[in-house]
Amino acid sequence: LVKMATACSLTALIPAQTQLDYALVDAVSVQEKENLVFQYLKKIDCRQQDLKVPEFEGGLEWLNTKSPLSFAEHLSGKLVVLDFFTYCCINCMHVLPDLHELEQLHSDKDGLVVIGVHSAKFPNEKVLSNIKSAVLRYNITHPVVNDADARLWQELEVSCWPTLVIIGPRGNLLFSLVGEGHKEKLLLFVQTALKYYNDKRELKYNSIGLKLYRDSLPPSILSFPGKVTVDRTGQRLVIADTGHHRILVVTKAGQLLHTVGGPSSGRRDGGFAEAAFSSPQGVVMRDDTIYVADTENHLIRKVDLLEGKVSTVAGIGIQGTDKCGGAMGPQQPISSPWDLALGSAGGDEKNILWIAMAGTHQIWALFLEDGKLPKGSEYKKGTCVRFAGSGNEENRNNAYPNKAGFAQPSGLAPAPEEPWNCIFIADSESSTIRAISLKDGAVKHLVGGERDPLNLFAFGDADGTGINAKLQHPLGVAWNTQKGVLYVADSYNHKIKVVDPKTKQCVTLAGTGEASNSLGPNFSQSTFNEPGGLHVGENGRVLYVADSNNHQIKILDLETQIVSVLPILVDDVVDAPVNKSTAHGKIPKLPKSTPQIEMSPIVVTPGQNIEIELSLTLPSGTKLTKEAPSLWTLSAEGNDWLLQDQRSSGDIVDLSQPLAISATVPSSIPIPNPVLLVGVCLYYCSLNDNTCMMKAVSFRQPLQMDNKKEGNTAQIVLCYAFN
């Protein structure tokens with residue numbers, strides 16, 4: 001029987017699916033539910049005309065496939081799940097684990113294909129390179145099509161993100177699921193439909209030809225770092241290495257101190273090597289304790305650097321829907337915490353952890369000690385409770401915190417001093433910066449957006465005052481106490497902006513608006529790519545930027561207007577505290593970009609001493625970083641016998657005089673012309689400590705053996721000036 005078909009929208013499904021949805025509410029057993037879906041499919045299939053899905057428009061950009069897909073050619077005989085999403089949307093992120101679970105159960109060889117139809121909300125999200133980054137960041141392994149003009153969205157009359165549409169093997173519309181939280185229905189519909197169409201022998205089990213975008217990329221030290229913070233002394237940085245599902249602790253010069261978790265996602269407490277996170281974002285440090293917003297695990301984690309352990313202090317590990325809270329942390333379900341900030345509330349200093357709860361569009365509090373919310377109740381240590389936000393996704397300001405509305409709050413910056421006494425908030429989906437009073441909880445507008453609380457599309461890129469300033473999905477904020485200004489990561493405009501809260505004036509500080517990665521001669525000529533996190537350091541002189549899509553931490557010197565990249569020196573050790581006793585137990589690898597100086601061969605004889613004089617010069621206006629492990633190394637290109645039982649590395653603490661390095665040529669020489677390698681790794685800062693960096697150099701010194709040469713010592717002089 002050849003059925004007629006007509007192109008149609010999702011509204012044609014509503015009458016039949018509404019009846020099915022009501023019937024499923026009353027069904028008790030799995031068998032009863034499957035029977036209801038089975039009967040629904042028979043009813044749909046008895047129609048004289050199929051409700052036909054429109055074809056993908058030609059010329060669209062595809063990811064994770066060898067070639068563009070079409071319903072007529074590649075997807076004929078397949079059950080297809082279309083996921084209409086936009087990558088900024090927290091609700092869309094919540095659907096991805098459901099799709100991942102579905103894909104673990106069934107593949108194209110079972111007749112199922114999942115396709116992400118990216119239908120952008122923001123202009124920045126229409127750009128293929130940005131979608132590529134999102135596909136990597138969220139570990140999407142099914143095909144994704146960039147429907148930048150939302151043609152299929154419009155033809156099907158999709159109304160919101162996320163929407164799942166299930167298509168039969170003839171391109172026939174079967175089901176739609178609007179919003180998040182429908183995993184049980186999704187699995188029920190798909191599994192029943194696979195069985196139904198398998199029995200009718202309408203499924204095909206061929207491969208559609210996946211080619212994952214991630215497989216074409218080289219590895220990087222950082223992967224989509226989301227947030228960054230600095231300890232109270234300014235000597236240690238904590239980085240949420242989001243794409244690697246781990247937390248890194250480094251010195252301000254970039255030397256790795258601790259690796260916690262990673263590189264794969266998971267949910268596990270314990271030691272640093274066994275602990276696991278899932279796309280962590282916000283990080284704050286309190287003495288030797290780090291608190292982590294473990295976003296996709298829906299947890300708040302605690303990293304104890306002294307004990308070397310990770311524990312869970314809030315959340316139950318699955319997405320919560322509670323919008324009030326009040327339970328003890330480990331018993332309180334929470335939803336996609338995105339950023340954290342330490343504060344004080346009715347008790348000791350730093351007795352509260354503020355949480356940007358992106359998943360429920362609220363601001364929450366976790367009490368680290370007994371305390372009290374502004375004009376609220378008293379709470380015991382460990383309580384996790386809502387502070388502000390009704391839970392409705394809105395841009396609503398209100399004198400009563402529980403009546404205010406946020407839209408995916410993603411960045412927090414406390415300004416506890418007078419006259420501010422507030423928390424500044426990057427409210428990403430409303431493209432606004434807001435403030436919550438720490439006196440009475442009142443929520444007020446600062447810049448961006450518009451007055452209509454339901455309009456979440458008032459975005460752009462415009463300097464200005466208050467509502468006349470326009471932002472595009474800002475993800476981070478940082479308060480500069482010394483200067484009395486607020487920095488904003490205007491993420492989708494690829495800029496860093498600065499706001500004066502007195503005048504509500506918002507202007508561009510750094511970035512051109514182009515998604516790129518360049519270090520210009522000044523702020524205005526430097527570029528970023530969806531920066532996500534900010535932190536002020538060095539007593540207000542430096543701004544650290546988590547430049548997420550560039551996989552870097554950048555340093556903005558606010559006095560010289562110079563932008564630099566924090567160099568991160570990572571060896572093969574999973575967790576490597578660096579101190580005087582262990583720093584040189586294993587010689588670190590120099591970066592691949594290290595320049596190598598080729599020296600002229602020198603003649604040596606077996607048993608002879610080699611004295612190396614190493615003279616190094618730093619750039620003008622810089623000094624060695626005292627707390628960082630600058631060092632020299634000796635190696636021999638695999639000829640370990642040349643340096644056996646001899647010192648192979650040493651600290652560099654003073655460059656005012658040449659360094660003296662000694663070695664002895666063994667009396668037994670297995671090969672005639674070995675090579676001696678001298679490596680140097682220096683950490684240095686500007687004289688005012690505003691910027692720090694790591695540079696390296698390597699000298700390659702060939703040796704020519706001569707048994708007849710006389711002399712007790714061979715002299716080698718090595719010189720290098722860093723710039």
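Buried means under 20% relative accessible area, exposed over 50%, and partly exposed in between, with a 1.4 Å probe and protein chains only. The model is predicted: local features need pLDDT of at least 70, side-chain atom pairs count only at pLDDT 80 or more, and totals for chains, interfaces and linings use all residues. Residues are numbered from 1 along each chain as its sequence is written, and side-chain values use heavy atoms, with hydrogens and water left out. Of the 723 residues of the protein, 57% are buried.

**Overall architecture**

- The protein has domain 1 (10-215), domain 2 (218-565) and domain 3 (596-721), with bounds from an automatic or database domain assignment.
- The centres of domain 1 and domain 3, taken over C-alpha atoms, are 61 Å apart.
- The protein holds 6 helices and 47 strands; helices (H or I, at least four residues) and strands (E, at least two) are DSSP runs numbered from the N terminus.
- The protein is as compact as a globular protein of its length, because its radius of gyration of 30 Å is close to the 27 Å that the globule rule gives for 723 residues. The radius is taken over C-alpha atoms, and the rule is 2.2 Å times the number of residues to the power 0.38.
- Along the principal axes, the C-alpha atoms fill a box of roughly 100 × 65 × 45 Å.

**Contacts, surface and charge**

- Among contacts between residues at least 6 apart in sequence, 60% join residues at least 24 apart; contact means heavy atoms within 4.5 Å.
- The accessible surface is about 29,800 Å², and 49% of this belongs to carbon and sulfur atoms. Areas come from the Shrake-Rupley method with a 1.4 Å probe; for residues, only the protein chains shown count as cover.
- The mean positions of the 66 positive and 77 negative charges lie 3 Å apart. Lys and Arg count as positive and Asp and Glu as negative, while His and the chain ends are not counted. Each charge is placed at NZ of Lys, CZ of Arg, CG of Asp or CD of Glu.

**Helix α4**

- Helix α4 spans residues 128-137, and its buried residues are N130, I131, S133, A134, V135 and R137.
- These buried residues pack against β3 (61-63), β5 (112-118) and β6 (144-146).

**Buried loop residues**

- T86 sits in the loop between β4 (79-85) and α3 (90-105) and is buried at 0% relative accessibility.
- Neighbours within four places in sequence aside, T86 contacts C92, H118, S119, A120, K121, E125 and W161.
- Q472, in the loop between β29 (464-465) and β30 (476-480), is buried with a relative accessible area of 5%.
- Q472 and F459 are 13 residues apart in sequence, and their C-alpha atoms are 5.2 Å apart.
- Not counting residues up to four places away in sequence, the residues that Q472 touches include F122, P123, N124, S431 and D490.

**Backbone exceptions**

- Most residues other than glycine have a negative phi, and most peptide bonds are trans.
- The peptide bond joining G262 and P263 is cis, with omega about 0°; P263 lies in the loop between β12 (256-261) and β13 (270-271).
- E418 to P419 is also a cis peptide bond, with omega near 5°, and P419 is in the loop between β25 (409-415) and β26 (422-427).
- S336 is not a glycine but has a positive phi of about 50°; S336 is in the loop between β18 (325-328) and β19 (337-343) and is buried, with a relative accessible area of 3%.
- H361 has a positive phi near 60°; H361 is in the loop between β20 (352-357) and β21 (362-367) and is buried, with a relative accessible area of 5%.
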